[in-house]
Amino acid sequence: MKIELLYFENCPNSKPALELLQDVIRQEGLNFPVQSIAVETLDDAEKHRFPGSPTIRIDGLDVEGEVRYPFGLGCRIYLVDGNTHYWPPRKWIEEAIRKRRDSR
C-alpha cells in the first residue's frame, strides 16, 4: 500500500496530519511507511495535482475522494458536516485505508 502525505513547508497543518495518519496506520495494524512529499513550487503543485497542504493519498487516491480544487501552494481546508478542519478527519483516513486494503 502506498501512503503519501503531500505538504508545503509553511503549512502548520502538515505535522498534525502526519501524526494522525501514523496513528491510524498503527491502529489498523499496518506496517507501511508514509512517503512525505514536499511540494515547493507551482510546477510541483501541477505535477503532483496538489490541491493544498496537507493532502493524504492512499494508493494515489485522495482520502477526500475526487478533488476538484485548483492546484497550488496553500493550506487546504476540509469541510466536514459544515465544520472546518485543517487536515482530513480520522474517519476519512480510516475508510480510505480499509477500502484499499480490502480491495487487494
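Two residues are in contact when they have heavy atoms within 4.5 Å of each other. Leaving aside neighbours within four places in sequence, I58 is in contact in this way with M1, K2, I3, V63, A96, I97 and R100. The model is a predicted one, in which local features need pLDDT of at least 70 and side-chain atom pairs count only at pLDDT 80 or more, while totals for chains, interfaces and linings use all residues. Residues are numbered from 1 along each chain as its sequence is written, and side-chain values use heavy atoms, with hydrogens and water left out.

I58 also belongs to the largest nonpolar core, which has 18 residues, and is listed with L21, I56, I93 and I97 as having the most contacts inside it. A nonpolar core is a set of buried Ala, Val, Leu, Ile, Met, Phe, Trp, Tyr and Cys residues joined through side-chain atoms within 4.5 Å; buried means under 20% relative accessible area, exposed over 50%, and partly exposed in between (1.4 Å probe, protein chains only). At least two residues of this core are supplied by each of β1 (3-7), α1 (14-27), β3 (55-58), β5 (78-80) and α3 (90-102), and the largest share, 5 residues, comes from α1. Helices (H or I, at least four residues) and strands (E, at least two) are DSSP runs, numbered from the N terminus. Apart from this core lies another, of 7 residues, among them L6, V39, A45 and F50.

Y78 and W92 form an aromatic pair, edge-to-face, at 6.0 Å centre to centre and with 70° between the planes; rings of Phe, Tyr and Trp (its six-membered ring) pair if their centres lie within 6.5 Å, and planes under 30 degrees apart count as stacked, over 60 as edge-to-face and the rest as tilted. Because Y78 lies in strand β5 and W92 in helix α3, the pair ties together parts that are 14 residues apart in sequence. Y78 is buried, with a relative accessible area of 0%, and W92 is buried, with 19%.
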